[in-house]
Amino acid sequence: MYLWSTQQLQALIDLLRARDYDVIGPAVRDDSLHYERIDSLPVGWGDRQDAGHYQLRERADQSRFGYNLGAATWKQFLFPPRETLFRVRDGDFVNCREAPQKMAFLGVRPCELAAIALQDRVFTEDPVEPGYLARRKDLLLIAVNCSQAAPTCFCASTGDGPEVNAELPTDLVLTECEPADPYYLVEALTQRGQDLLEEVGGSQAPASARQTVDRLMDATREQLTRALDTEELPGLLLGALDHPHWDDLAQRCLACGNCTQVCPTCFCSTAEDHTDPITVEVRHNRRWDSCFTQGHSYLTGSVVHRSVRSRYRQWLTHKLASWVAQFGRSGCTGCGRCITWCPVAIDLTVETEALRAAP
Amino acid sequence: MASARLPTLAVFKFASCDGCQLSLLDCEEELLSIAQRLDIVNFPEASRRWEPGPYDIALVEGSITTIEDRQRISVVRKQSRVLVAIGACATAGGIQALRNSANVDAYARSVYPHPEYLSSLASSSPISAHVAVDYELHGCPIDKHQLLAVLLAFVEGRRPPIAQESVCMECKARGHSCVLVQGGEPCLGPITQAGCGALCPAYRRPCYGCFGVKEHARVEALMNHLQAHHGMGDDEVLRSLSTFNAGSELLIRIAERYRRPPPQDSEDS
Ligand code: SF4
Ligand code: SF4
Ligand code: SF4
Ligand code: SF4
């Protein structure tokens with residue numbers, strides 16, 4: 001393990017940029033924290049998150065990672081919300097997927113890393129999505145352990161945080177210590193990460209560094225107030241398809257789709273053809289879809305999930321139950337975004353608890 | 001152009017401000033290209049040419065507010081292969097549908113010196129209340145990209161891509177910060193149909209619903225939350241539901257629940 005100063009953290013960004021990487025990391029825009037192309041890290045920002053509520057706040061320290069999660073996910077860079085897949089011009093197909101720009105994600109949280117690993121399975125196992133694969137291939141991942149948790153986080157329940165799972169694909173793992181005047185404990189998990197670590201330099205971390213990380217992680221675990229009881233959950237949910245609580249949900253849910261758009265594992269999309277009015281070229285465009293839209297379940301002349309009740313039930317039972325059969329684990333990594341960004345504060349942990357109770 | 005007959009396009013206007021038709025004129029460069037693929041036979045905003053029907057595609061702007069309108073729209077329908085209602089007036093009665101929940105005679109008397117010259121229906125209604133409509137484009141005004149997409153899809157024999165989902169879907173795709181979750185602003189995005197590209201949230205303003213209600217709009221569920229958690233009063237709810245799409249049956253029905261009983265003397269004045 002190495003010990004870095006804030007200057008060395010900046011040196012990492014400079015080095016990556018000099019090597020032609022787009023460094024994507026936290027940036028403050030319009031009163032929230034978004035992941036964007038950056039050349040330095042914002043200093044002293046935190047967030048207040050709760051069901052249906054988000055507020056950016058200034059911290060009285062120098063932390064670079066004092067917030068919990070960006071408003072939107074990293075998936076926007078690997079699986080963009082809008083993408084032209086091919087064009088047709090005068091009857092000929094034109095492949096318009098250019099070689100992607102190399103990216104480095106700086107500040108990936110443990111739950112987000114787990115979500116990237118999940119989307120890797122969705123898009124790079126059979127069948128392979130070539131665009132995703134091309135962007136993912138050279139992606140450099142710099143993860144950050146969580147030195148604080150938001151009230152919406154429940155990663156301990158899903159086993160994805162607050163500490164980075166070293167089994168997952170990541171190049172470097174940072175831990176921010178002493179936010180008043182921060183330093184970073186840095187570990188490399190790949191050769192590429194190791195090379196970067198050596199190039200940036202810094203000192204060997206003291207022998208007590210491991211305990212420092214453990215202590216911080218224990219403190220974060222203490223802060224995790226939300227939980228999702230995953231015990232026998234798939235069978236339970238799939239056995240509760242007629243539970244009256246779905247009707248209660250249908251009274252509150254707006255079927256707006258926000259939860260799915262901010263979820264780092266949701267992968268649904270739809271495609272449309274658009275003709276350019278001037279060149280008359282047809283573009284086949286893919287865009288994010290959601291199981292909360294009517295179009296999502298439109299099949300030859302009719303809609304399968306007509307009611308809001310059945311749409312919410314589709315979302316929850318897929319995410320927490322059928323994912324397990326499909327991908328070997330639940331589709332939820334406990335990031336809490338769907339809770340924060342639901343305009344009417346619907347909380348899947350609370351709803352799941354209600355569905356556990358006998359009707 | 002070659003001698004092959006181009007499909008014909010006609011534009012018709014009912015009670016409206018012409019803003020939606022102007023979206024077609026606004027297309028400028030694209031309009032020239034459209035004109036090579038469609039024969040624009042009637043478009044009073046742009047040309048004096050006026051050809052009799054039948055038409056391959058009709059764009060209908062405006063709501064039905066008079067007996068003559070009602071007769072004319074059924075003629076337009078009979079003459080048109082595909083009828084597209086464009087804008088908040090044609091799809092949801094428009095701002096003039098505010099009278100649907102009021103006393104039209106009282107309005108007329110307070111505005112016109114000789115209300116007896118007026119002859120209008122008691123309500124302003126969307127085109128679909130009178131004839132079959134093939135496609136509806138929401139918005140006050142409509143979005144020109146959606147209009148172009150519909151025309152080009154028609155020329156190419158495709159179903160036009162008109163999403164019926166919420167403005168939130170576009171808002172998130174564009175990476176905007178959410179004015180409702182962050183600022184408690186009464187954003188109508190979750191109940192409003194996409195199409196504008198989440199224009200207002202892009203400028204940190206709450207959506208006021210000019211694109212009308214989306215399919216399965218949960219108006220009351222949103223209002224319940226805004227009232228309970230963001231301090232919205234009955235008057236504000238009523239006002240937010242009574243704008244450009246005031247003739248929407250759903251909005252009228254829900255608005256009634258927030259309306260206070262009218263003062264006794266509302267008949268005279
Ligand atoms: S379901 Fe909700 S908490 Fe779970 S990963 Fe998706 S957004 Fe995060
Ligand atoms: S759960 Fe919330 S965010 Fe998701 S569709 Fe329903 S209202 Fe929208
Ligand atoms: S700002 Fe409005 S439109 Fe955008 S996500 Fe929030 S509620 Fe939806
Ligand atoms: S955000 Fe809402 S009010 Fe603004 S243009 Fe779009 S639909 Fe109209």
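A residue is near a molecule if one of its heavy atoms lies within 4 Å of it. By that rule, the shell around ligand 1 consists of A:F154, A:C263, A:P264, A:W315, A:K319, A:C332, A:T333, A:G334, A:C335, A:G336, A:C338 and A:L348.

The model is predicted: local features need pLDDT of at least 70, side-chain atom pairs count only at pLDDT 80 or more, and totals for chains, interfaces and linings use all residues. Residues are numbered from 1 along each chain as its sequence is written, chains are lettered from A and ligands numbered from 1 in the order in which they are written, and side-chain values use heavy atoms, with hydrogens and water left out.

**Ligand shells**

Ligand 3 lies between chains A and B. Its surroundings are A:N258 together with B:V167, B:C168, B:C171, B:K172, B:C178, B:V179, B:L180, B:C187, B:G189, B:P190 and B:P201. Helix 7 (167–173) and helix 8 (179–183) of chain B each supply at least two residues of this shell, and helix 7 of chain B gives the most, with 4 residues. Helices here are DSSP runs (H or I, at least four residues), numbered from the N terminus.

Around ligand 4 stand B:T192, B:C196, B:L199, B:C200, B:P201, B:C207, B:Y208, B:G209, B:C210 and B:F211.

The table sorts the shells by class; Ala, Val, Leu, Ile, Met, Phe, Trp, Tyr, Cys and Pro count as nonpolar, Asp, Glu, Lys and Arg as charged, and the others, Gly among them, as polar.

| Shell | Nonpolar | Polar | Charged |
|---|---|---|---|
| Ligand 1 | 8 residues | 3 residues | 1 residue |
| Ligand 3 | 9 residues | 2 residues | 1 residue |

Two packed helices are described by the angle between their axes and the distance between the axes. Axes are lines fitted to C-alpha atoms over the stretch in contact, and angles run from 0 to 180 degrees between N-to-C directions.

Helix 9 (residues 245–252) of chain A packs against helix 11 (residues 308–327) of chain A at about 110°, with the axes 8 Å apart. The two are therefore roughly perpendicular (65 to 115 degrees). Contact (heavy atoms within 4.5 Å) involves A:W246, A:D247, A:L249 and A:A250 of helix 9, and A:V308, A:R309, A:Y312, A:R313, A:L316 and A:T317 of helix 11. These residues divide into 6 nonpolar, 1 polar and 3 charged.

Helix 9 of chain A also packs against helix 13 (residues 348–356) of chain A, at about 150° with the axes 9 Å apart. This pair is therefore roughly antiparallel (over 145 degrees). Helix 9 contributes A:H245, A:W246, A:L249 and A:R252 to the contact, and helix 13 contributes A:E351, A:A354 and A:L355. By class, this contact has 4 nonpolar, 1 polar and 2 charged residues.

Technical notes. Angles under 35 degrees count as roughly parallel, over 145 as roughly antiparallel, 65 to 115 as roughly perpendicular and the rest as oblique.
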